[in-house]
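Please take a look at the structure below. A short report on its build follows.

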Amino acid sequence: MSEYIEFNARRDALKIAGMGAAVGALALLTRTGHAADKPAMTAQDPMAKTDSGMGKMAAPAGGDLDIVRFALTMERLEAAFYAQVLTAHKTRAFLPARSFALAQEIAVAEADHVGALEGVLTAAGAEIPATPKFQFPGEVFISPIAYAWFAHTIEEIGVGAYLGAVGNIQNDGLRRSAAAIYGAEARHVAILRTLAGFNFSPRYFESPLSVDQVTKLITPYIVA
Amino acid sequence: MIESPLDSPFHPTSASPNSALPNSLSLSRRSALTLGALAGVAALTLPRFSANALNLGSPAQMKFLENAMHLQSQFFGRALMSTKLDGLTPTDTVVISAIEDQDGEQARWFALARARGGNLPPVNTQPSSLTAPTFTIDSNNYATRDRFFDSALTLKKATVGAFHGLVGAGGRPEIVQALAALAGVQNRHLAMLSELVGKDPFVTYVEAISLQEAGNALGKFGFGTEVGK
């Protein structure tokens, strides 16, 4: 296996990173319109509903779109990572069954997030940024420990990035959806941390990250 | 080091946490530890916020949230002491204990904010004592391991839903961020509780709900605090 598995993309992806947060989760933006239609606390697959509801949400604009663009970069990175993990696992079954099952599930979620974010930009009449090319350390496709460690780290970055921006989201629908997706990302982190041998929740609060911090943390994995 | 949201401003800065980011993408032990440390530093290196700039809402709302967290802390604490509830695994008890502690900390956070009239307290002003209400929790919730976790998930979903509702309601960015910071941890609790009983920790979607709806859900556990205005 090559040291890096690369995904196609173009170079200017990080240019969008000058703004909001890597809302590791804004993908469920699409759910916004459903809240009033359903009983409270409905337990269901959030991915099952991403194909509707978007039209019921007032189109985000201005700074909110900047946040969506940056979230898209983070989501694309996460989606690329899990896609590469699954590809690597096909050729060399390096993950334990539980880790693999969870990776499959997260991969689907992250890919869906990407699609939803792109959909929001399209609906708002905004241009969709080109997809960057990502590369990750080769060890994470060989060692289940390295995988778990890296996975929970990028998810933590996503959670922190989201938290850094959530207060600045102006669109109510977008913020509500962001809260739901942020929660989903926090749940990813908790389980991935246990796979890596860490406490699932080391503090009673999450910590925010700035755009600069997030950008610098993920830049090494964006190669073009 | 910032230990609590009382200390943290929830204002991310442009601090550069990654001056030593690894040049190579090879995940050597050193680079792995470096990245982890940088992520941690990024999360904890935060500026101070103006202690008088924030207001969480009415005293009644803060009391509601404070008591909701007390209820959870007591709910999980009693599980560890219940003579009826056997069958908990060692992992169960570790997780339950952690949740009990963190819910108690979140209750303390709201208590401090309430004591300051809604303004987030300054750094390092932990109260010497905290008076908590005692809730009458049906002992049937501890009848079996399955029953306990079923009730625990109900409780957590209500709490997470309430936090999401508050975040979605908007307001001052600092307040939204502070509530989201607490909500994230509640989501972690929810995931772990689901994982422990073999339920999918990821697919459970929790709808944002109002405090009134949350109060109704928590009422099953002896919660009777009014939401207030």
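Chain A has an accessible surface of about 7,500 Å². Carbon and sulfur atoms account for 53% of that surface. The model is a predicted one. Of the 224 residues in chain A, 62% are buried.

Chain A contains five helices and zero strands. Its pattern along the sequence reads α-α-α-α-α. Take the contacts in chain A between residues at least 6 apart in sequence: 84% of them join residues at least 24 apart.

**Two helices side by side**

Two packed helices are described by the angle between their axes and the distance between the axes. Helix 1 of chain A and helix 3 of chain A (residues 144-166) have axes that come within 11 Å. These axes cross at roughly 170°. Angles over 145 degrees count as roughly antiparallel, so helix 1 of chain A and helix 3 of chain A are roughly antiparallel to each other. On the side of helix 1 of chain A, the contact includes A:Ile67, A:Met74, A:Leu77 and A:Phe81. Helix 3 of chain A contributes residues including A:Tyr147, A:Phe150 and A:Ile154. The residues of this contact divide into twelve nonpolar, one polar and two charged.

**The nonpolar core**

The largest nonpolar core has 116 residues. Among those with the most contacts inside it are A:Phe81, A:Tyr147 and B:Phe75. Helix 1 of chain A (residues 63-91) gives the largest share of this core, 15 residues. What does B:Phe75 touch, leaving aside its neighbours within four places in sequence? Its contacts include B:Ile137, B:Tyr142, B:Phe148, B:Leu155 and B:Phe221.

**Two buried residues**

A residue under 20% relative accessible area counts as buried. The table gives two examples.

| Residue | Relative accessible area |
|---|---|
| A:Ser99 | 8% |
| B:Arg188 | 2% |

A:Ser99 lies in helix 2 of chain A (residues 97-123). Because its relative accessibility is 8%, A:Ser99 counts as buried. Not counting residues up to four places away in sequence, A:Ser99 touches A:Tyr147 and A:Leu195.

B:Arg188 sits in helix 5 of chain B (residues 173-196). B:Arg188 is buried, at 2%. Which residues does B:Arg188 touch, not counting residues up to four places away in sequence? They are A:Glu156, A:Ala186, A:Val189, A:Ala190, A:Arg193, A:Phe200, A:Ser201, A:Pro202 and A:Glu206. B:Glu66 is 122 residues from B:Arg188 along the chain. The C-alpha atoms of B:Arg188 and B:Glu66 are separated by 19 Å.

Definitions and conventions
Residues are numbered from 1 along each chain as its sequence is written. Chains are lettered from A and ligands numbered from 1 in the order in which they are written. This is a predicted model: local features need pLDDT of at least 70, side-chain atom pairs count only at pLDDT 80 or more; totals for chains, interfaces and linings use all residues. Side-chain values use heavy atoms; hydrogens and water are left out. A nonpolar core is a set of buried Ala, Val, Leu, Ile, Met, Phe, Trp, Tyr and Cys residues joined through side-chain atoms within 4.5 Å. Buried means under 20% relative accessible area, exposed over 50%, partly exposed in between (1.4 Å probe, protein chains only). Helices (H or I, at least four residues) and strands (E, at least two) are DSSP runs, numbered from the N terminus. Contact means heavy atoms within 4.5 Å. Accessible areas come from the Shrake-Rupley method with a 1.4 Å probe; for residues, only the protein chains shown count as cover. Axes are lines fitted to C-alpha atoms, for helices over the stretch in contact, and angles run from 0 to 180 degrees between N-to-C directions. Angles under 35 degrees count as roughly parallel, over 145 as roughly antiparallel, 65 to 115 as roughly perpendicular and the rest as oblique. Ala, Val, Leu, Ile, Met, Phe, Trp, Tyr, Cys and Pro count as nonpolar, Asp, Glu, Lys and Arg as charged, and the others, Gly among them, as polar.
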